Amino acid sequence: MTPSNPWFEAYIGLGSNLGDPIHTIASARLAIAGLADVEEIAFSPLYGSRPVGPQDQPDYVNAVMRIKTRLSAPNLLKQLQGIENAHGRVRSVRWGARTLDLDILLYDQQLINQPDLIVPHPELPNRAFVLHPLADVADSDLPIPGKGRLAELLTACPADGLKRIAQ
Ligand code: ROI
C-alpha cells in the first residue's frame with residue numbers, strides 16, 4: 001500500500017462578474033468540494049464588490065472557501081484552472097471581466113514562488129474583497145506568511161464598496 005499525502009489547509013478566493021455570478025460561484029463551490037482529495041471546511045458569505053482595476057466592467061461577486069486537501073499546490077492549481085475553463089473562463093484581458101476566477105490565497109503556511117503560482121497571493125493585503133471573506137472563515141490571528149496576521153491586514157484595509165449579499 002502506498003502511503004497517501006498528508007492533508008493541508010488551503011484558502012481559495014472566488015470571483016465572478018459576468019453571466020450569473022451568484023450561480024457561477026455556487027457551481028464552482030460544488031465543483032471544488034467534489035474534487036478528489038479535497039474537502040470543504042467552510043465557505044464565506046457572498047460579497048458584492050466594486051471592481052478593483054479597470055472600472056468599465058460590472059461589479060463582482062466574491063467569496064472565500066476554506067478547504068483541506070491532499071493535492072500539492074501545483075496540482076490544486078491545475079484542478080482549479082480546469083474548473084475555471086469548465087465555467088467558460090477565457091483568459092484575455094488582464095484585469096478584465098471574467099466569468100470565474102479561482103485563486104489559491106494560502107496553502108498551509110507555505111511561501112510558493114513559481115512562474116505560474118505565487119502563494120500567498122501577492123495582492124492579498126490590498127484587497128478588501130479577499131480579506132473580509134477570508135476573515136469569515138479563518139481565525140483572526142491567522143499568520144499570512146511574509147505579510148503579518150490577518151487581523152492586522154484587515155485593520156489596514158477598509159471594506160470600501162463591499163456589501164454582503166443576503167442569502
Ligand atoms: N475586483 C473585484 N472587486 N473582485 C475581483 O474578484 C476582482 N478580480 C480581478 C480584478 C480585475 C483585479 N478586480 C477585481 O482580477
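How do the residues of the shell around the ligand divide into nonpolar, polar and charged? In this predicted model, the shell comprises 5 nonpolar, 2 polar and 4 charged residues. The residues in question are Ser49, Arg50, Pro51, Val52, Tyr60, Asn62, Trp95, Arg98, Asp101, Arg127 and Phe129.

One of its nitrogen atoms is 2.8 Å from an N or O atom in the side chain of serine 49. At valine 52, a polar backbone atom is found 2.8 Å from a nitrogen atom of the ligand. An oxygen atom of the ligand, in turn, lies 3.3 Å from a polar side-chain atom of arginine 98. On its own the ligand has 360 Å² of accessible area, of which the protein covers 96%.

Arginine 98 also forms a salt bridge with aspartate 101, in which the closest N and O atoms are 3.0 Å apart. Because its relative accessibility is 12%, arginine 98 counts as buried. Aspartate 101 is buried as well, with a relative accessible area of 17%.

The loop between strand E3 (47-49) and strand E4 (60-69) contains glutamine 57. This residue has a relative accessible area of 11% and is therefore buried. A polar atom of the glutamine 57 side chain lies 2.9 Å from the backbone oxygen of proline 54. The side chains of glutamine 57 and tyrosine 60 are joined by a polar contact of 3.0 Å, and Tyr60 is one of the residues around the ligand. Apart from neighbours within four places in sequence, glutamine 57 is in contact with Asn17, Pro51, Val52, Trp95, Gly96 and Ala97.

Attention now turns to the salt bridges. Side chains of opposite charge can pair when their charged atoms come close. The structure holds 7 salt bridges, one of which joins the side chains of arginine 29 and glutamate 40 at 2.6 Å, N to O. Arginine 29 belongs to helix H1 (residues 21-33) and glutamate 40 to strand E2 (residues 38-43), so this pair ties together parts 11 residues apart in sequence. Arginine 29 is partly exposed at 31% relative accessibility, and glutamate 40 is partly exposed at 30%.

A further salt bridge, 3.9 Å from N to O, is formed by the side chains of glutamate 39 and lysine 68. Since glutamate 39 lies in strand E2 and lysine 68 in strand E4, the pair ties together parts that are 29 residues apart in sequence. Glutamate 39 is partly exposed, with a relative accessible area of 40%, and lysine 68 is partly exposed at 29% relative accessibility.

How values were computed
Residues numbered from 1 in each chain as written. Predicted model: local features only at pLDDT ≥ 70, side-chain atom pairs only at ≥ 80, totals over all residues. Heavy atoms only, no water. Helix = DSSP H or I, 4+ residues; strand = E, 2+ residues; numbered from the N terminus. Buried < 20%, exposed > 50% of the residue type's maximum accessible area, 1.4 Å probe, protein only. Polar contact = N/O pair within 3.5 Å; in protein donor to acceptor, adjacent residues only side chain to side chain. Contact = heavy atoms within 4.5 Å. Near = heavy atom within 4 Å. Areas by Shrake-Rupley, 256 points an atom, 1.4 Å probe, with all protein chains shown as cover. Nonpolar A, V, L, I, M, F, W, Y, C, P; charged D, E, K, R; others polar. Salt bridge = Lys/Arg side-chain N within 4 Å of Asp/Glu carboxyl O.
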